[in-house]
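Thanks, everyone. Let me put the model on the screen, and then we'll go through one residue and one interface.

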Amino acid sequence: MSLLKDLSPRALAAPESGIVEIINYARGREGLLPLWAGEGDLPSPDFINRAASDALLGGETFYTWQRGIPELRQALSRYYARHFGVELPPEHFYVTGSGMQSIVLCVQALTEPGDEMIYLSPAWPNIVSAIEVAGGRAVAQPLTFSNGRWSLDLEQLEKAITPKTKALFVNTPSNPTGWTATRQDLKAILELSRRHGLWILADEIYALYYYGAEKRAPSFMDVMQEGDRVLFANSFSKNWSMTGWRVGWIVAPPETGQVFENLIQYSTSGVAQFMQRGAVAALDQGDSFVQENFERAKTSRDLLCDALIATNRVETLKPEGALYAFLKIDGITDSRQAALDIVDRTGVALAPGSAFGKGGESFLRACFLRDPRQIEEAADRLCRYILAL
């Protein structure tokens, strides 16, 4: 008799990640160019590693502050003053065991079983499962794709709201599409949330990967007022090449502080103190490294997208933000099978668009935060594959 029958139906219903399926299928192949996951190819820089190592060797291995060490919360305050022009005291910040945990804790704080949370699709699949494992219902509101560009239909978004809707999940710049909300979009979404008494869960992890005229993408920080119901989930992973560290943070009203401290206590009981020392170094010393990562991403974005668009077989435009080209290739409708085939025939590993939900089924996602020489090679292999279809 199977042991599975006694497990929670919500746990059993959690699907295998379509991204991880490709990773498991392709991992370890000789000559593989892995554009599957949302991370770059640079390791964490020495100044971050050294700060964590010194703290570890110095004995910072005990239980620590549930909300995060004071030095890290102060560094987050400085980071937002520097990059977002807002003065937020440390009481707004809560350190978590990854951006993913930030999202999970926010979902737990905002919803109870049966509640709905609307998200913009295609979307990073983990948000859907975070909502559903918590007993909620994830409601997809598709972005519109036209002439290679993604956009948001605000009227359709409002129509998706029901009496059970508790929150809107807004990821901008978007993984996987690269869609980036304008300041006017954010004002309109915020006004919609006010009218309906909804919370906004804002995932702005890619805010500094913005290819417009400004140094960062528009943020809800630019348009919100005191008292607005907005939570921010963020991570050290992308900016500072710290994906394996699993450290993130939440920005929330101080009034909610005890709630988030409790949720952290009953999930991980806090992030290791020596790792938090590395995160302090990232924030206070890492602006030039973040800029280096951004420049690599911009160069590689242009190389990859220019080559693929030139085939006249790929419907996409250069993304406005984030780290991904979301590719609609002529003749491909089953992105999962195509991703497996591309691995076998080219040695390039892409994430299938079907992993990102409604609207992504015929797309493939390529992460371009890599050495431009690798991206040139990947583009060449993909172009030959596409032209042979």
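A residue counts as buried when its relative accessible area is under 20%. Keep in mind that this is a predicted model.

So, serine 44: buried or exposed? Its relative accessible area is 13%, and therefore serine 44 is buried. Where does serine 44 sit? In the loop that runs between strand E1 (33-34) and helix H3 (46-57). Its side chain makes a polar contact with the side chain of tryptophan 245, at 2.9 Å. Setting aside neighbours within four places in sequence, serine 44 touches Asn49, Trp240, Ser241, Met242 and Trp245.

Now the domains. Domain 1 covers 3-44 + 287-388, and domain 2 covers 47-286. Their C-alpha centres are 23 Å apart. Which three residues of domain 1 supply more of its buried area than any other three? Ser44, Asp287 and Glu320, with 21% of what domain 1 buries against domain 2.

Next, the polar side. Between the domains, 26 residue pairs are in polar contact. The rule finds 1 salt bridge across this interface. Arginine 82 and aspartate 287 pair their side chains in a salt bridge, 2.8 Å from N to O.

How values were computed:
Residues are numbered from 1 along each chain as its sequence is written. This is a predicted model: local features need pLDDT of at least 70, side-chain atom pairs count only at pLDDT 80 or more; totals for chains, interfaces and linings use all residues. Side-chain values use heavy atoms; hydrogens and water are left out. Helices (H or I, at least four residues) and strands (E, at least two) are DSSP runs, numbered from the N terminus. Buried means under 20% relative accessible area, exposed over 50%, partly exposed in between (1.4 Å probe, protein chains only). A polar contact is a pair of N or O atoms within 3.5 Å; within protein, one must be able to donate a hydrogen and the other to accept it, and residues adjacent in sequence count only if both atoms are side-chain atoms. Contact means heavy atoms within 4.5 Å. Domain bounds come from an automatic or database domain assignment. Buried area is the accessible area (1.4 Å probe) that two parts lose on being put together, summed over both. A salt bridge is a side-chain nitrogen of Lys or Arg within 4 Å of a carboxyl oxygen of Asp or Glu.
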